[in-house]
Amino acid sequence: MVRSHVLVCGGTGCTSSNSLKIIEALEKEINKQGLTDEVKVVQTGCFGLCALGPVMIVYPEGCFYSMVKVEDIPEIVSEHLLKGRIVTRLLYDETVGKDEIKSLNETDFYKKQVRVALRNCGVIDPESIEEYIAYDGYMALAKCLTEYTPEQVIKIVSDSGLRGRGGGGFPTGRKWALTAPNKAPQKYVVCNADEGDPGAFMDRSVLEGDPHAIIEAMAIAGYAIGATKGFVYVRAEYPIAVKRLQIAIDKAREYGLLGKNILGSGFDFDMEIRLGAGAFVCGEETALMTSIEGNRGEPRPRPPYPAVKGLFGMPTVENNVETLANIPQIILRGPEWFSSMGTEKSKGTKVFALGGKIKHTGLVEIPMGTTLREVVEEIGGGIPGGKKFKAAQTGGPSGGCIPAELFDTKIDYDNLTEIGCMMGSGGLIVMDEDTCMVDIAKFFLEFTVDESCGKCTPCRVGTKRLLEKLEKITSGNGTMQDIDELEELCNFIKENSLCGLGQTAPNPVLSTLRFFRDEYISHVKDKKCPAGVCKSLMSYVIIADKCKGCTACVRVCPVGAISGSVKQPHVIDDSKCIKCGACMEKCKFGAIVKQ
Amino acid sequence: MEMINCKINGIAVSVPKGATILEAAREAGVDIPTLCYLKEINEIGACRICVVEATGARGLVTACVYPVTEGMEVKTNTPKVQNARKINLELILSTHEKKCLSCVRSQDCELQTLCRDYGVEDSGKYDGFKPQYELDLSAPHLVRDNNKCILCRRCVAACEKQYVHVIGANDRGIDTHIGTPFEKQLDDVPCVSCGQCTVVCPTGALREKDNTDEVWEAIADPSKHVVVQTAPSIRATLGECFGMPIGTNVEGKMVAALRRLGFDKVFDTDFGADLTIVEEATEFIDRVKNGGVLPMITSCSPGWVKFAEYYYPELLEHLSSCKSPQQMVGAVIKTYYAQKNNIDPNDIVVVSIMPCTAKKFEVGRDDQSAAGVPDVDIALTTRELGRMIMRAGIDFVNLPDEQFDNPLSDDTGAAVIFGSTGGVMEAALRTANDLLTGKDNKDVEYKEVRGTAGLKEAVYNIAGIEVKVAVASGIENANYIMSRIKDGTADWHFIEIMCCPGGCVNGGGQPLQPASVRNFVDLTSLRAKALYEQDKAMKIRKSHKSPAIKKVYEEFFEKYGSHKAHEILHTSYVGRKKYR
């Protein structure tokens, strides 16, 4: 009889901080202490609190241990699992109350979250179809096949108000409805798991933590639109996701939940995985389909839309991972339940990957309409080091910045679009006062320039020219005319590019120009980077009065730019200095400053 | 047919459902500029030059691929549209090598024209990183100059359409460039040298290798006897180089121009075509009677032959051993003609004017030197001849008509139609029918094998024998034929294959027409029509009836398919490695 379950995160974040070794050590120790029949170790998907990894949770107590090391394992096993004494020092501090241990759901990080897409992540063993089924898995598919007509399924999805979570926000039900009536010898359901925004890992976590939900949702989509074949296009850089998804597909097929005549309903559906080679543009739906077809991943003009002429020229529905992860719940709990969450035009929840200058780096799922302030200050735990919030970036390289004055913006599709941002797939990067907004725009542009497929002129040449103008500005050579030309070129690229990549590539520039134009002007007119980030526009200087001549800076300087005699004030040669900042860090007397 | 009503710049038009804005605009008499668009083969919406404003669409849309909808109002020239096109052109120019003064495409460059129309100056506004590429001069037939490439990908589409697939986009972003697999030199990949890419290139990025300097040099050398021959299709296309209507037959002016350029003799490749027919018909009859390899396939088209050598080396016995007309004429000049006029073949320079870039490859093939020296020395394209005439200051349009020189002339209708798909087959059938029946048959038109379709089949009863024939043009169709032969499902006896879609009138060496013409005019049909009209008007329409042919057999070859004819007029083929 198992009396204790230890759930260890096996998501990519915790795996990279060694959670697999911890599982190994746990099993060994449990065996050693003779608890094999009483304690079960489960490797789950992501819990979300990646900053505290590796994490584990022990049931029935619900103790949440964070930053666990292999050396801690014997203590956890002998103290907690054997003797029932909780190892308080390893508990996540927010769960430690005065006299009791608080549930994880009461912590700031989890309190305001509502987990729909992520509901099984960190809860079940993603490699076990039985655990998925035990959590109502495949019940939604069964319900569709036995109780609903395809039209009814589409109506439920439409009524729920679910919109595409991959970036565009197109209503999912309408997408299905547009595809369903098109007659063709073969139709397809494609799952877009080519998550490419830097720092985003929502889809990865769903695939790693709850792969059956995607399979179930794709089968439901197939039933709704009359498709019998599905593809999941997933990045080859997601090996854990690929492995677990393949295990799940094989199991589902073994259980008759994929293949011919599913659950005796007469409905056939099967699917396979296609690996992407890491091109960002393949996240664009037509480029993704071109890639599945075996060609160079490049977008094609629309119309024709995939609903009419998609994969292999056939009607195709393409949905993002997170979108699909919502489907089984919508079917089971009804469209009203789903649409009761969120704002008027953005229903349900949204998963965000929190990153940047924030305490709780990780994955959160919040109801639409939650304010940015709540996400950053409450869920995210605020900015470390007492620094001031400057802006948040959503939508990755396609999105824009939300400045501090809009901190109380309710996050939903339309609000973000209105302020020149976009929901994107859900990356949310927090920036503090030390961030240069021109530099941030440059960073994202470097990414799009590198990832442009090169098919259309505006994106291929235009984004490169944008980047060059930004480089000119950050190196102190920009003019006011450059700022105007930058804006003109941004608008040109936005309106003239072939696909979403190019059409949104100027957003980081346009949005920073809108909210932080003064920073651009400082770079151009005053030749100053207000945040002290752009290396060409600042120098390190030694304040002679404070310098004791200890020579510590001389020894740490990698390029020999500092000179001076012992016990005499030193000097930095700006022409040699590479602005690495090592001297400033080393100086004990605060004698070195940035100017 | 369901019709859609829309307005282009306020002009109401009604077009079939599915028509694009570009097509509707054409209907309204409004031209919208394009760069990447090629009807049916390159509808990729990549260059973004054709952007317009349309009601119901978000932002600007590309006219080339965007379908009109009921009630749509399109504006093609608003300040917004013009400004977008202008910025686009400036961006393209910022990566373009602007050596326009001496560029071979100066004045017929589609980019140059647009820049002029939109008042785009090289302002330097978007100067920045510009990738530098080395010229690919490896192939005998063309120059690849990526520094002038604007990445419209028309060449890639043409190559794909040809089923050759040796060029495509490599790398990405600003480093995107058109290249071969593994960045090999063009000569080291299975390029068939058809030159279709050069015909569709809007700029000077892809161009035939220019051999005109060698010709000028030879003409200027008093010790050389320089003779020129012109392929059947040149008379139907050369006029386009001088602004004459497509499909104008300029045979007389062409001969006059060649004389004025200083060639010692002006011969007609039609003589070679007639020679090919009598030899090929003889070979075919021999194969039928003596159980030779069938089906037999024509071998006039060097691009096609090269394709077969790359992809079907095991089936090369199906190819007729006849040299192409170009090579036959060269061989006859350097043997029969040289002996007759007592000229050392080493002192003869044979120049040929061809519709074809693959001919530049063919002149360098092995087993093409009947007199111990290459049969043909220099193969020029129609375009190169056009440029020579231009440089020489010859007023082509107003030239008088002149006749080809003897003895290699007296061409027939059969030879003239060689320039079009189906022409070789028809010419061969005319002769085979006479040879097998021993009669002078009056019915000489084999209409089933005419027309621009890529694949045509027919069955003829010739002297009691049922002959199944097929005619293919374009490598895609050639490949189909070969795959049928390979899998044993081909029941044809005789097959004509031409490398270029529609035959030589649409060859890779033919005059350039901008996409704005190519997309709306059936060039191939118009040019072919000129040839069929000439055939119809001719007294002699069968190759074996040509007095020149009769004479050369009487005086030199003795009989069709003789040992001597085989020595001089036939050749051999080799399997080729695809990637070197």
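**Exercise 1. Find how strand β1 (residues 4-9) of chain A and strand β3 (residues 56-59) of chain A run relative to each other, and how many bridges join them.**

Solution. Keep in mind that you are looking at a predicted model.
- Step 1: Pick one pair to check: A:Val6 has A:Val58 as its bridge partner in β3(A).

**Exercise 2. Now move on to strand β4 (residues 63-65) of chain A, and describe its pairing with β3(A) and the turn of the hairpin.**

Solution. 
- Step 1: The pairing of β3(A) with β4(A) is antiparallel and has 3 bridges.
- Step 2: For a landmark, find A:Ile57, which stands opposite A:Phe64 in β4(A).
- Step 3: Look between the two strands of this hairpin, where there are 3 residues. A:Gly62 has a positive phi there, near 75°.

**Exercise 3. Two residues of chain B, B:Leu151 and B:Ala463, have a positive phi without being glycine. Work out for each whether the residue is buried, partly exposed or exposed.**

Solution. 
- Step 1: B:Leu151, with phi near 60°, lies in the loop between β6 (142-144) and α4 (154-161) of chain B.
- Step 2: The cut-off for buried is 20 or more other C-beta atoms within 10 Å. B:Leu151 is buried because it has 25 C-beta neighbours inside 10 Å.
- Step 3: B:Ala463, with phi of about 50°, lies in the loop between β15 (455-462) and β16 (465-473) of chain B.
- Step 4: B:Ala463 has 14 C-beta neighbours inside 10 Å, so it counts as partly exposed.

**Exercise 4. Describe the side of chain B that touches chain A.**

Solution. 
- Step 1: Start with the contacts: 28 residues of chain B meet 24 residues of chain A.
- Step 2: Ask which elements of chain B give two or more residues to this side; they are β4 (60-62) and α2 (79-93). The most come from α2(B), with 5 residues.
- Step 3: Sort the residues of this side by type: 16 are nonpolar, 9 polar and 3 charged.

Technical notes: Residues are numbered from 1 along each chain as its sequence is written. Chains are lettered from A and ligands numbered from 1 in the order in which they are written. This is a predicted model: local features need pLDDT of at least 70, side-chain atom pairs count only at pLDDT 80 or more; totals for chains, interfaces and linings use all residues. Two residues are in contact if their C-beta atoms, placed from the backbone, lie within 7 Å. Helices (H or I, at least four residues) and strands (E, at least two) are DSSP runs, numbered from the N terminus. Ala, Val, Leu, Ile, Met, Phe, Trp, Tyr, Cys and Pro count as nonpolar, Asp, Glu, Lys and Arg as charged, and the others, Gly among them, as polar. Two strands pair if DSSP finds at least two bridges between them. A residue is buried if 20 or more other C-beta atoms lie within 10 Å of its own, exposed if 12 or fewer, and partly exposed in between; C-beta atoms are placed from the backbone.
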